Amino acid sequence: MSRAELADAINTALDLLYPGRSLTAHYVDHRWVGKLERGEHRWPSRERRTALRHVLGATTDTELGLYSPRRTPDAIRSGHVPDQPATRRPLHVRVGGKLLDGDPEAWLHALDEFTNQPMRTWPQLRGRVQEYLEVLDDLQGGHGRPHLARVDARWSEFMSWIADNTAAPEGWAWLDRPHRRAIEADDASLAAYTLMRQSQRALDNGDVRAAIVFSRRSLAPRSVPARTRALCLTRMAEALAASGDDEARTAIMAAQHELPGVDANAVDEDDFARHCDPRYVAAVDARCRHLLGDPASATTIFEELLSDLAAIAPIDAGLWHAHLAECYLHYDPERAADHGMSALRLADEAASYRVIRATQPLAIALRRHSALPSARTFIDRHRTAVTTQ
C-alpha cells in the first residue's frame, strides 16, 4: 500500500468510525504518512490512532510502534521487553491421516476438502473450522505469520461465510480478520474481496452508508484482477441504488465492462470471485433497477435469469427469488408470496440464513394480505424459519 493509498484508507476509516462528526482536523495525506513512518509523529490524535488500528488490523497502539511520551514504560524506552511465557497446545492437526504444521499448501489443500463438501453441510463444519483457526493462531504466535497470513485469511473468510449463513453474532469479527490478514500478506485481491464482503454484510443489515464506504475502499487498489473488480463494482452499484443514487447504473456498466476481458479458465487469482459472471451482474442490475424505482424491467431480468437454474448456486437463486418477490409485491401479492416460498425452499436447501433474512421485508409487507392463502402460507413458513434458526 502506497502512502497515498494508506492516507485515503485512514480518511475513509475516520468517516466510518465517527459518523456525523466534523473530522477535517483529523484527515491526513501522504506527507503525514511519511512523517509517521519517519517517527516524526510519535503520538497522533486518538481519532487518527483508532483509524490506523482499523486499517492496519492492530488491536493496540503498541503494535503500530506508537507510544505515549507520558506513558511509555522504561522497558519499552530502553528497547528491552521481557519475554512472556506462553503455553501452547500442539501445533498440528490430523487431516486424512496426515499432520498439518506450517506448510501453507497443506493448509490450503485442507480448506479445499472442506469447501468441496456439499454447501448444505458447511454450517455443520463450524466447530471443526474453528479448531483449525485456533491452530493457525498458535502457528502464527512467533514469526510464522508472514507466510501463513494469506492462508489464515482464506480460512477465516470461509468461517465468516459460515457465520453469515447461520446468523452467528460474531460475523463481523470473522470478516474483519481475513481483511487484516490479507493486508499482512500484501494480497490486494483478497483484501478487496473481504471489503466487498463487508459491504455486502452491511447491505444485508440495512446499513447503506457503511456499505458505500466499504465498497469504495474495495475499489481503491488498482492491481486487482478483473473479475474481483467487477464483483466490487456490483456491490458499489447495489449500495448506491439502495441510497437512491443513479450513479448505480454507472457502476453496473463498469462491472459489465470488466467481464469481457476475463479468461474463464484463469481462476488462480480470482478463485473466490469466480461466481461473478454475466448472469450474476445481470441479477445485481435487476436489483438496482428495482431499488431505483423500476420494478418492471427488474422483473423481466429476474424472470429470464430464473427460467434456467443451471449452474446457479442455491443461495444466489434464493436471493433472486426474494428480490423478484418484492418486484411483484404491489400489484400481484400472490405471485410475490409464491416467489417468497421458492426463496425459503432454496434457503432450506442451502442451509442459508442470508436468504431467509432477505425475505424479511416481504414477510412484513405481505401481512396486510394475510387473507390470501398463499400469503398466509408464506408468512407462517417465514416465521418458522426465523424462530427455528
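Modeller: Start with what covers the buried residues of α14. The cover includes α13 (278–291) and α15 (314–328). Keep in mind that this is a predicted model.

Biologist: Which residues of α14 are buried?

Modeller: S297, A298, T299, I301, F302, L305 and L306. Buried means under 20% relative accessible area.

Biologist: How do you know that the end-to-end distance of helix α14 agrees with its number of residues?

Modeller: Helix α14 has twelve residues, 295–306. At 1.5 Å a residue they should span 16 Å. The end C-alpha atoms are 16 Å apart, so the two values agree.

Biologist: What span does α12 have, and what is expected?

Modeller: Helix α12 covers residues 247–258, twelve in number. Its first and last C-alpha atoms are 17 Å apart, close to the expected 16 Å. In α12, A248, A251, I252 and A255 are buried. They lie on the same side of α12, because their arc around the axis is only 100°.

Biologist: What do those buried residues pack against, and what does the face turned away carry?

Modeller: The buried residues of α12 pack against α11 (226–243) and α13. The face turned away from the buried side carries M253 and H257, which are exposed.

Biologist: What makes W107 and W155 an edge-to-face pair?

Modeller: Two values decide it, because a pair of aromatic rings is described by the distance of the centres and the angle of the planes. Centres must lie within 6.5 Å, and planes over 60 degrees apart count as edge-to-face. The search of the whole structure finds six aromatic pairs. For W107 and W155, the centres are 5.8 Å apart and the planes stand at 80°. The pair is therefore edge-to-face. It links distant parts of the chain: W107 sits in helix α5 (residues 104–115) and W155 in helix α7 (residues 145–164), 48 residues apart. Both W107 and W155 are buried.

Biologist: Why is the pair of Y132 and W155 called stacked?

Modeller: Planes under 30 degrees apart count as stacked. The planes of Y132 and W155 are at 20°, with ring centres 4.8 Å apart, so this pair is stacked. Y132 belongs to helix α6 (residues 126–139) and W155 to helix α7, so the pair ties together parts 23 residues apart in sequence. Y132 is buried, as is W155. Ring pairs join W107, F114, Y132 and W155 into a cluster.

Biologist: Why does T388 count as exposed?

Modeller: The cut-off for exposed is over 50% relative accessible area. T388 has 59% relative accessibility, so it counts as exposed. T388 is in the segment after α19 (373–387).

Biologist: What makes the approach of T384 to T388 a polar contact?

Modeller: The limit for the pair of atoms is 3.5 Å. The backbone oxygen of T384 lies 2.6 Å from a polar side-chain atom of T388. That distance is within the limit.

Methods
Residues are numbered from 1 along each chain as its sequence is written. This is a predicted model: local features need pLDDT of at least 70, side-chain atom pairs count only at pLDDT 80 or more; totals for chains, interfaces and linings use all residues. Side-chain values use heavy atoms; hydrogens and water are left out. Helices (H or I, at least four residues) and strands (E, at least two) are DSSP runs, numbered from the N terminus. The expected span of a helix is 1.5 Å times one less than its number of residues. Buried means under 20% relative accessible area, exposed over 50%, partly exposed in between (1.4 Å probe, protein chains only). Contact means heavy atoms within 4.5 Å. The arc is that of the directions from the helix axis to the C-beta atoms. A polar contact is a pair of N or O atoms within 3.5 Å; within protein, one must be able to donate a hydrogen and the other to accept it, and residues adjacent in sequence count only if both atoms are side-chain atoms.
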